[in-house]
Amino acid sequence: MIFCTVRAAPDLPPELSTPGLDPLFIVSSEKDHTQANIQANLIRNRLRKVPRFRTMFSNLIHYPRYSLYWSKADPVPPFICQEWKRHEEKHREALWHLAITDTSFQMAKEVYADPEVTGKNRYKYFERPFLPFHQQMPLNVVFAVTKTEPYTFPTTSAKYPSIPSKCTVGTQTDYRDAEVQTDPYSPEYVVCQESIPELLTLATLTWGRGLPAGQAEVEMIERAREKRAWEATLPCLSDTSQFEKRRRMMNAMERKEWAFREQEIEKLQEIRLEVLKELLKKRDENQNEVNMKHLNAQWSKLQEAKEAKLAQIQHRHVSAIRKLVGKGKNIEGKLERRNIIKDYSDYASQVYGPLSRLGRFPDNNSEDFVVKNHYLNTYEGLVELESCLPDFVTQPRIRPPKPKVTTTKAGFLKRAARMEHELAEVHKAILDKKNKVLEPKKLLRFLQRKSLPQPRLPTPTLEMSSNEEEDIEMAVIYLQKLLRGRVVQNTMFEGKEKRLELIQELRTSHALQEDDRLLKKAEKQVTLALQRQRNLHEHKVSLVENHLAGLEGRVLADMFDFLSKELVRLQEERRIHAFAMLAERQRRMREAEESGRRQVEQRRLREEDQIFKEVVKVHQSTVTSYLEDIILNTEENTAEEQARAEIEKMAEEINDIAYEMESRRTQLQSEEIVAELVYSFLIPEVQKDFVKEKVRNAQQKHILAAHQIIHRHTEAMLKKNFVEQQQDEVSDTDQLLEEETQNDKNN
């Protein structure tokens with residue numbers, strides 16, 4: 001038995017605590033009882049080997065020699081209750097027995113608390129029962145806990161109050177409520193002598209297995225009552241005159257019970273048929289659901305393949321369009337020099353955003369530039385950093401801003417305020433222009449006349465009347481050229497200032513002055529030195545890579561050699577396996593043929609044994625009939641000889657008497673003697689013939705019935721032997737076909 005430790009509850013009321021008790025004690029639980037039952041039921045001694053006579057000498061796997069059956073014989077006697085009983089259940093059973101024996105004692109009514117099935121205890125009623133051993137193991141179903149007060153007997157006197165023999169102590173267990181839940185309590189009982197209560201017939205019913213009683217249990221109780229009433233009406237066994245009546249009544253009751261059992265079997269079969277129909281329906285639904293899932297998965301896979309194909313086609317289309325656009329820009333195929341200024345002025349060019357398909361990844365290894373600091377990435381670092389900062393950082397003091405003074409003492413706007421106002425207006429105008437949404441053109445409903453723009457007026461020309469005016473005009477034109485050139489110079493200067501870094505970059509490759517040339521020459525020498533160092537480093541790296549490549553080549557050669565040998569070994573192994581499979585198939589075919597020949601031989605031996613038995617039976621019957629004939633003939637001869645001797649002796653005595661009587665008789669006596677002789681000779685012969693005819697007629701119907709029974713029995717035996725022979729032949733052929741198909745499948 002397995003024990004578990006149960007701890008006392010930490011906070012118990014004073015009326016539930018008992019002084020002098022150890023709060024820790026060891027008791028067995030229902031779980032331990034169940035585990036012990038399981039271990040007792042799982043022992044291998046319950047397994048029984050039952051031989052199969054048709055394949056008793058077979059060594060084939062699919063035709064075993066014996067079968068394993070679980071023995072239903074329980075080592076525990078059936079009158080011993082194997083269910084778990086607690087202390088409260090034993091107390092309730094004792095009270096129940098007392099209430100049965102003593103009619104004056106009234107048992108306290110059990111008050112069941114609300115189980116709260118739809119409330120907080122709802123989760124307890126969704127556990128499936130565990131029924132591996134229906135007879136030995138209790139159900140793993142949680143029922144509503146019945147909270148009843150222990151029964152106390154009424155006090156005999158108020159002076160001496162009764163002391164209860166038992167008390168309830170609250171405990172705190174290591175298990176959850178569902179594991180320590182038990183069946184409702186049943187009190188113990190005591191049966192008085194010469195009394196058999198009707199309630200004891202329901203002792204086999206327990207909670208969850210017959211209790212609470214339903215319609216089937218009520219019908220069973222009614223049948224038990226009827227059977228007890230019928231048993232009371234049976235004649236006594238000591239009365240031999242009523243023995244035939246008792247036998248007829250028992251036969252009628254047995255037929256009635258068999259009919260009831262047949263009805264129960266039919267009901268069970270109907271219920272099983274309904275269950276099978278539901279299972280088949282559910283299986284069809286599950287199969288349809290699985291088929292729909294497979295179809296949906298296949299459809300999704302095809303849709304994904306379709307989308308991938310469309311994306312690939314779209315990608316090729318975009319690539320082809322891009323190539324056509326590139327070719328369209330340069331139809332003549334002329335080579336153009338790179339415009340560096342244009343590339344650097346356009347922020348969408350390859351300088352600022354290179355394409356990844358050209359092999360440049362600007363964002364590669366960008367994680368290296370991420371700042372990783374203990375004080376910024378961890379909470380402890382932030383706390384430490386916060387403790388090092390001064391108070392004005394963590395607790396800033398906000399001062400209200402002073403309003404800006406945009407006017408002078410004289411009341412005029414300052415230049416800065418005026419500039420801010422102008423900048424705000426410009427910014428607002430730019431935003432309005434940027435956020436302006438172009439109104440879509442309305443579709444024309446009617447034809448409208450499109451007005452042509454008016455032609456520009458011709459440029460007026462001044463006709464000069466003298467050379468002086470012409471000189472003035474030329475001077476003005478020259479002045480305009482100077483002003484325009486100055487504007488261009490200012491624009492170039494501003495552009496130069498903006499692109500000063502690019503100009504310096506260009507000067508690195510196109511030096512124009514001597515100092516720059518010398519500087520570039522020095523840089524060139526430094527660059528060449530760096531290139532030489534890089535070449536030396538690359539040479540060393542190439543040597544190392546060559547050595548590594550040689551090592552890798554040797555390793556790869558060894559690996560490929562090993563793989564080729566493994567391939568050859570695997571091919572040889574497969575070929576050997578194929579030969580083994582062929583040999584196994586040949587062996588199985590030979591075993592099947594041998595089993596067929598063995599079965600034919602066994603059938604022939606059975607036929608020969610049957611023939612030998614019939615021959616021996618015929619010989620034995622012949623010898624028996626011969627001996628009976630000899631014995632009967634001997635008895636008849638002996639009886640005939642004895643009868644002849646007795647008749648001769650009696651005839652001599654009768655002759656002597658007759659001679660003496662004839663010497664003394666008269667005529668009247670002679671006639672009387674003749675009449676008596678005639679009567680004694682004729683009448684017995686007629687009676688004897690009548691008796692012989694009656695016996696012959698009585699024996700004739702028995703002989704005919706015996707002949708019919710013998711002929712029917714012999715015909716049935718012949719038909720049965722013929723059918724068994726045909727079935728044996730069909731089973732042998734089916735077995736050979738199954739073995740051949742199984743061997744073909746295995747091959």
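Helices (DSSP runs of H or I, at least four residues) and strands (DSSP runs of E, at least two residues) are numbered from the N terminus. The model shown in these views is predicted, with local features needing a pLDDT of at least 70 and side-chain atom pairs counting only at pLDDT 80 or more, whereas totals for chains, interfaces and linings use all residues. Residues are numbered from 1 along each chain as its sequence is written, and side-chain values use heavy atoms, with hydrogens and water left out.

**View 1. Thr733 in helix 14.** Thr733 lies in helix 14, which covers residues 667–746. With a relative accessible area of 42%, Thr733 is partly exposed; on this scale, worked out with a 1.4 Å probe on protein chains only, buried means under 20% relative accessible area, exposed means over 50%, and partly exposed is in between.

**View 2. Leu506 in helix 12.** Helix 12 (residues 500–509) holds Leu506, a partly exposed residue with a relative accessible area of 30%. Leu506 and Ile340 are 166 residues apart along the chain, and their C-alpha atoms are separated by 9.0 Å.

**View 3. Helix 4 beside helix 5.** The axes of helix 4 (residues 215–233) and helix 5 come within 11 Å and cross at roughly 170 degrees, where axes are lines fitted to C-alpha atoms, for helices over the stretch in contact, and angles run from 0 to 180 degrees between N-to-C directions. The two helices, helix 4 and helix 5, are therefore roughly antiparallel to each other, a term for angles over 145 degrees, while those under 35 count as roughly parallel, 65 to 115 as roughly perpendicular and the rest as oblique. Helix 4 makes the contact through Arg223, Glu226, Lys227, Trp230 and Thr233, and helix 5 through Met249, Met250, Met253, Lys256, Glu257, Phe260 and Glu264, a contact being heavy atoms within 4.5 Å.

**View 4. Thr55 in a loop.** Thr55 sits in the loop between strand 3 (47–51) and strand 4 (66–70), and this residue counts as buried at 16% relative accessibility. Apart from neighbours within four places in sequence, Thr55 is in contact with Tyr63, Pro64 and Arg65.

View 5. Cys236 is partly exposed, with a relative accessible area of 47%, whereas Cys388, at 60%, is exposed. A search of the whole structure finds zero disulfides, a disulfide being a pair of cysteine sulfur atoms within 2.5 Å.

View 6. An unreviewed UniProt entry places the feature "coiled-coil region" at residues 633–660; UniProt positions are given in the numbering used here, feature names are shortened, and annotations may be inferred rather than shown by experiment. Over residues 633–660 the chain is 100% helix and 0% strand, with the end C-alpha atoms 40 Å apart.

**View 7. Confidence along the chain.** The protein averages a pLDDT of 77, and 80% of the residues score at least 70, pLDDT being the predictor's confidence in each residue, from 0 to 100. Among the elements of the protein, helix 5 (residues 243–329) has the highest mean pLDDT (90) and strand 1 (residues 4–8) the lowest (39). Over residues 1–22 the pLDDT is below 50, and this stretch has 43 contacts in the model beyond near neighbours in sequence. Where pLDDT is low, the predicted coordinates should not be read in detail.
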